[in-house]
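I opened this notebook to record what I looked up in one structure. The entries follow the order of my reading.

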Amino acid sequence: MKPAMTKAQARAWKRGWKLVNEFEREELRKTSIEVKFRQLAAMMQSAFALGWDTSAPAELKAIRAMWVRLKKAHRDAR
């Protein structure tokens with residue numbers, strides 16, 4: 001039985017996805033904090049609309065700590 005993909009094809013496929021991932025990382029680096037915030041707000045609104053609200057105290061504490069770290073990192077980057 002012939003393999004679905006040769007080693008050379010698999011390597012080429014992997015290289016292609018590596019380029020895609022590098023491009024995506026660069027796009028994310030270029031995206032302003034304002035755009036990222038709007039995207040996050042839209043995702044959060046979708047989660048609330050779908051009933052995916054987080055109310056466990058331990059989760060809320062972890063989320064708040066993450067936001068404090070993000071805010072500090074953003075402030076320090078200025």
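The entries below go from the model as a whole to its side chains.

**Entry 1: The model**

I noted that this is a predicted model, in which local features need pLDDT of at least 70 and side-chain atom pairs count only at pLDDT 80 or more, while totals for chains, interfaces and linings use all residues. Residues are numbered from 1 along each chain as its sequence is written, and side-chain values use heavy atoms, with hydrogens and water left out.

I looked up the confidence next. pLDDT is the predictor's confidence in each residue, from 0 to 100. The chain has an average pLDDT of 91, and 99% of the residues score at least 70. Among the elements, H1 has the highest mean pLDDT (96) and H3 the lowest (90).

**Entry 2: Overall form**

I found three helices and zero strands in the chain. Both are DSSP runs numbered from the N terminus: helices are H or I with at least four residues, and strands are E with at least two. In order from the N terminus, the elements read α-α-α. The chain is more spread out than a compact globule, because its radius of gyration is 20 Å, well over the 12 Å that the globule rule gives for 78 residues. That radius is taken over C-alpha atoms, and the rule is 2.2 Å times the number of residues to the power 0.38. Along the principal axes, the C-alpha atoms fill a box of roughly 55 × 35 × 20 Å.

I then asked what share of the 78 residues is buried. Buried residues make up 1% of them. Here buried means under 20% relative accessible area, exposed over 50%, and partly exposed in between (1.4 Å probe, protein chains only). The chain exposes about 7,600 Å², of which carbon and sulfur atoms supply 64%. These areas come from the Shrake-Rupley method with a 1.4 Å probe; for residues, only the protein chains shown count as cover.

**Entry 3: Helix H1**

I searched the whole structure for aromatic pairs and recorded one. The ring centres of Trp13 and Trp17 are 6.4 Å apart and the planes stand at 65°, so the pair is edge-to-face. (Rings of Phe, Tyr and Trp, its six-membered ring, pair if their centres lie within 6.5 Å; planes under 30 degrees apart are stacked, over 60 edge-to-face, the rest tilted.) Both residues lie in helix H1, four residues apart, about one turn of the helix. Trp13 is exposed at 54%, and Trp17 is partly exposed at 44%.

I counted two salt bridges in the structure. The term requires a side-chain nitrogen of Lys or Arg within 4 Å of a carboxyl oxygen of Asp or Glu. One joins Arg29 and Glu26 at 2.8 Å, N to O. These residues are three apart in helix H1 (residues 7–30), so about one helical turn separates them. Arg29 is exposed at 58%, whereas Glu26 is partly exposed at 34%.

**Entry 4: Helix H3**

I found a salt bridge between Lys72 and Asp76 at 2.7 Å, N to O. Both lie in helix H3, four residues apart, about one turn of the helix. Lys72 is partly exposed at 44%, and Asp76 is exposed at 53%.

Which residues make the nonpolar surface patch of about 470 Å²? I listed Phe37, Ile63, Met66, Trp67 and Leu70. Helix H3 (residues 57–77) gives the largest share, four residues. Ile63 lies in helix H3 and is partly exposed at 33%. Patches take residues with over 30% relative accessible area and no salt bridge; like charges are joined within 9 Å, and nonpolar side chains (Val, Leu, Ile, Met, Phe, Trp, Tyr) within 5 Å.
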